[in-house]
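Morning, everyone. I have one structure to show today, and I'll keep it brief.

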Amino acid sequence: MTPQQCLLIGNSRWHWADRAHASRWLFRHTDPLVEPLPKTSTPDRWAAVGKIPAALSQHADQQLLLDQVPLKDAPPWLGIDRALAGWGAWLRSGGGEGVCVVDAGTVLSLTRVTAAGCFGGGWLCAGLRLQLQAMGEGTAALPALGPDGPCLDPCPTFPAETASAMTQGVLQSLLGLIHGAQLRCPGPVWLCGGDAPLLFPELKARGVEVQHTPNLVMETFVDLVS
Ligand SMILES: Nc1ncnc2c1ncn2[C@@H]1O[C@H](COP(=O)(O)OP(=O)(O)O)[C@@H](O)[C@H]1O
Ligand SMILES: CC(C)(COP(=O)(O)O)[C@@H](O)C(=O)NCCC(=O)O
């Protein structure tokens with residue numbers, strides 16, 4: 001049976017791909033479902049880098065595993081989201097040049113794939129929300145920023161107000177990391193993940209060659225299993 005629903009469990013959200021019969025895939029992101037999962041929410045194929053609910057562990061035969069992603073030289077500990085994004089970007093770029101993928105999720109992962117399609121290492125850094133959360137939890141004076149996420153309303157480059165200074169600081173740290181990677185590894189950066197819409201215009205404004213592909217991980221997932 002060809003799959004109609006696929007799920008990737010991230011560390012913040014669950015990423016879904018759905019289609020009805022042969023129609024095109026639709027992508028959405030939800031908060032994690034809480035146990036007990038309704039029977040109707042067992043996807044045809046699933047993968048995880050986040051916590052796996054007991055109900056899904058019972059469907060191990062439907063799990064997409066790292067060794068089923070054709071990225072060469074992937075070490076056994078590599079997150080399957082990184083393998084999917086890396087391999088997907090390499091294929092989309094024609095399969096003949098090295099690529100650099102940034103998945104701006106809970107953790108911002110930067111994954112290099114060589115021109116030969118081999119895993120080429122990368123960088124990991126706490127993502128936007130996690131950095132803000134760490135500052136709030138690890139200090140006496142810094143605020144916990146609200147559940148609606150950081151407010152990125154236009155503000156001065158060097159804000160006086162604490163919450164804006166935290167947000168600007170984190171944003172600049174991520175932009176600097178991506179910019180620095182591109183200087184070391186020239187070529188377009190493939191960008192996906194929950195914070196990609198925030199980072200994309202800022203990277204373009206800095207002259208970074210960036211390809212925003214919001215559903216890169218799940219598009220690669222469904223290409224692989226369909
Ligand atoms: N509803 C949300 N829940 C959590 N993070 C969100 C949400 N909406 C946007 N984000 C942003 O997306 C980032 C997480 O990206 P996402 O791709 O959902 O992560 P993961 O794949 O690790 O689950 C956070 O840093 C946060 O700033
Ligand atoms: C780096 C990650 C935590 C990113 O997960 P995410 O933020 O997308 O939920 C995940 O890909 C992971 O657990 N990787 C295993 C270690 C590695 O890739 O080296």
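I'll go through the domains, then the ligand, then the sheet and its helices.

First, a caution: this is a predicted model.

Let's start with the overall layout. The chain splits into domain 1, residues 5–62, and domain 2, residues 73–225. Their C-alpha centres are 23 Å apart. How many residues of domain 1 are in contact with domain 2? There are 13, and they meet 13 residues of domain 2.

Now the ligand. Where does ligand 1 lie? Both domain 1 and domain 2 give residues to its shell, so ligand 1 lies between them. The shell holds 14 residues. Closest to ligand 1 are Gly10, Gly105, Thr106, Arg129 and Gly194. Look at the make-up of that shell: 10 polar residues, 3 charged and 1 nonpolar.

Next, the sheet. It is open, with 4 strands in the order β3-β2-β1-β4. The pairing is mixed. Which strands sit at the edges? Those are β3 (26–30) and β4, and each pairs on one side only. From one strand to the next, the twist averages 15°. Take β2 and β3 as a pair. They run antiparallel, joined by 5 bridges. Within that pair, Asp18 stands opposite Leu26 of β3.

On to the helices. Helix α6, residues 216–225, lies across β1, β2, β3 and β4. Against β1, α6 runs at about 135°.

Helix α6 has another partner, α2, which covers residues 80–92. The two axes are 8 Å apart, and the packing angle is about 80°. How are α2 and α6 oriented to each other? At that angle they are roughly perpendicular. From α2, the contact uses Asp81, Leu84, Ala85, Trp87, Gly88 and Ala89. From α6, it uses Leu216, Val217, Glu219, Thr220 and Phe221. Sorted by type, the residues of this contact are 7 nonpolar, 2 polar and 2 charged.

To recap, then. Ligand 1 lies between domain 1 and domain 2, with 10 polar residues in its shell. The contact of α2 with α6, by comparison, includes 7 nonpolar residues.

Key:
Residues numbered from 1 in each chain as written. Chains lettered and ligands numbered in written order. Predicted model: local features only at pLDDT ≥ 70, side-chain atom pairs only at ≥ 80, totals over all residues. Domains from an automatic or database assignment. Contact = placed C-beta atoms within 7 Å. Near = placed C-beta within 6 Å. Nonpolar A, V, L, I, M, F, W, Y, C, P; charged D, E, K, R; others polar. Pairing = 2+ DSSP bridges. Helix = DSSP H or I, 4+ residues; strand = E, 2+ residues; numbered from the N terminus. Axes fitted to C-alpha atoms, helices over the stretch in contact; angles between N-to-C directions. Parallel < 35°, antiparallel > 145°, perpendicular 65-115°, else oblique.
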